[in-house]
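Here is a short tour to read with the model open beside you.

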Number of protein chains: 2
Amino acid sequence: MLVTFMESQDLSSLESIGLRYLTIRQTKMKMILKVQDQILTSLRDFLRKEGFMEILAPIIGPATDPGIRGAKQASIQYYDAPFKIMSSMILYKQMVVSSIGKIFALSPNIRLEPLETAKTARHLAEFRQIDLEMTYASYEDAMGLAEEMLVSVVKDVREKCSEELKGLGRELKAVSKPFKRMTHKETVELLRSKGHTVSYMEEIPWDAEAALSAMHQEPFFVYDYPLIARGFYDREDPNRPGILRDFDMLYPEGFGEAISGGEREHTYKGVIKRMKLTGENPEKYGWYIQMLKAGVPFSVGFGIGVERLTRWICGLKTIWEAVPFPKVPGIVSP
Amino acid sequence: MLVTFMESQDLSSLESIGLRYLTIRQTKMKMILKVQDQILTSLRDFLRKEGFMEILAPIIGPATDPGIRGAKQASIQYYDAPFKIMSSMILYKQMVVSSIGKIFALSPNIRLEPLETAKTARHLAEFRQIDLEMTYASYEDAMGLAEEMLVSVVKDVREKCSEELKGLGRELKAVSKPFKRMTHKETVELLRSKGHTVSYMEEIPWDAEAALSAMHQEPFFVYDYPLIARGFYDREDPNRPGILRDFDMLYPEGFGEAISGGEREHTYKGVIKRMKLTGENPEKYGWYIQMLKAGVPFSVGFGIGVERLTRWICGLKTIWEAVPFPKVPGIVSP
């Protein structure tokens, strides 16, 4: 009877989240978890082959990435000090690449997204990224690495999890490089031509991003975001003021954002200037500012969300099917 | 000048922690990070070979492991609910093994240890475990797996990081199974015979544990802890009331605790009875209690701290040398 009840639960309903201790036993969840295990293995195998070393990501710290688009950071009391749970380990990646030139980590992140994002079915308040950084490389290099990584993961999953993909009803096509590349400006023009209200000076809103994603059958890049749309760590092009040397990768078929990355603003003066623009207080970033004063190497990096990658690869209706213990914004669950 | 300053800093001093953005560039840190990368690879390779699947560990949740020996959990406000950062994912492992019989995760943990533990040089407030669980196996099986895992990791590191071990001045000897096994009672007797004040009914205090570890040249097990020394999830031996079917593995040479594990008390009635003993309120464990009512399989598991394993393998004076971004109890650092 338990088995019948459990298998009958719709994993894509918000109500099923609180019952995950039952629904995790569904055949469907087992197949998803198997694919996720393969995704983790493939990502690490690819990165090690490319010369990246795995490091232990920070969980908490006195400061974290502020550029989290409407979400709130989670605060804790760390002895006498106010600490945050990492919303992104960008600042820490800049520290460690001053020692090891190519690094990656399975980074645990918390972002308390607005309640309405529960409805997008693509936001989690708790998620993990394979986060990587490399020195003395450009954002073109990073996009090249990202597409090779995705080609490699898709190839591995198609080979090693064909039974699971079949069971999930997912026809995952092989992807091949190069992926299509559009500037933010070109993307806005395309979306406007289709009747979307999109600004040249802002992030692409979620609904337009979903529509953009749905226009495509293969992953693609949007690059050269406007300066004011992103955090102080994305580097402004010295020859094109107001334009960042950064990029997103998007999944096709309406699945939306896959990767966010860019070259880093890594100079003390540059970061202070950018912080002033967005009203950030440099004093809140104590060690980071000290580090920039001492000097860090030029670097580029990106993070790929493990749950969103799993969702796309498995072709899942919702992001909360792509993780064993989902934290959906506003919902109290295991 | 920066290079000279940086290399001259003593990584084992507490003062150096705030300057990690400089000291991370030391040749010594690079060697340690290289060994840590190999340790992570070896642990995962071994576990996958043994049929374990990697899952994504929880970061936060409404309840976590209470058995953290004097440390405090870190609290956050998760929308309208009080949440904790995981101090251990034991309860979640019991959920996922009801779906997949052999699982592991790189689990992020926060334990706000008492300030005086900074001096032990073996406590971090932020750490990671490779945490694993398997169904329908005994604690003897788990000890067997743990020793094979350690033999395998030491073999790999000796082979693949011989340059780094040499650079660190570490003569890491190969280890071979079986490791020595002592009951908690035998251990207390041994320690008492050496003049230590140790109780048959409690955890072994840190100073005695360090002395015990220093008496050994190979890793070893202490098993059958007294019931009141551990949390409600460790299973009492049905034939020997008051004795738990659990174990620790300890490193030799004074490095202390490596692994903590045991068979799980997995019945609803059994857990409620144990919670009453320690004054835990079952209502604080909402989903966990609901899950036990629905039934979970019998399982055994353990966690091995990645930083402590790195410390022992590299032969480091302090635990904060064994992690890129150390959080030492009470000290505000990156």
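## About the model

This is a predicted model, in which local features need pLDDT of at least 70, side-chain atom pairs count only at pLDDT 80 or more, and totals for chains, interfaces and linings use all residues. Residues are numbered from 1 along each chain as its sequence is written, chains are lettered from A and ligands numbered from 1 in the order in which they are written, and side-chain values use heavy atoms, leaving out hydrogens and water.

## Chain A as a whole

Chain A has 11 helices and 11 strands; these are DSSP runs numbered from the N terminus, with helices being H or I of at least four residues and strands E of at least two. Its radius of gyration is 20 Å, close to the 20 Å from the globule rule for 334 residues, so chain A is as compact as a globular protein of that length. That radius is taken over C-alpha atoms, and the rule is 2.2 Å times the number of residues to the power 0.38. The C-alpha trace of chain A spans about 65 × 50 × 40 Å along its principal axes.

Of the 334 residues in chain A, 64% count as buried, meaning under 20% relative accessible area (1.4 Å probe, protein chains only). Among contacts in chain A with a separation of 6 or more, 69% come from residues 24 or more positions apart; a contact means heavy atoms within 4.5 Å.

## Strand β6 of chain A

Let us look at one strand. In β6 (residues 126–135) of chain A, 10 of the 10 residues are buried, so this strand is largely enclosed by the rest of the structure. A:E126, A:R128, A:I130, A:L132 and A:M134 point one way from β6(A), while A:F127, A:Q129, A:D131, A:E133 and A:T135 point the other way.

Strands pair here if DSSP finds at least two bridges between them. Strand β5 (residues 102–110) of chain A runs antiparallel to β6(A), joined by 9 bridges, and A:N109 stands opposite A:F127. Strand β11 (residues 299–305) of chain A also pairs with β6(A) in the antiparallel sense, over 7 bridges.

## A sheet in chain B

Chain B holds an open sheet of 3 strands in the order β2-β4-β3, with antiparallel pairing. β2 (60–61) and β3 (75–78) of chain B stand at the edges with a single partner strand each, so one side of each has no neighbour in the sheet. Between β3(B) and β4 (residues 81–85) of chain B there are 4 bridges, and B:I76 has B:F83 as its bridge partner in β4(B).

Methods. Buried means under 20% relative accessible area, exposed over 50%, partly exposed in between (1.4 Å probe, protein chains only).
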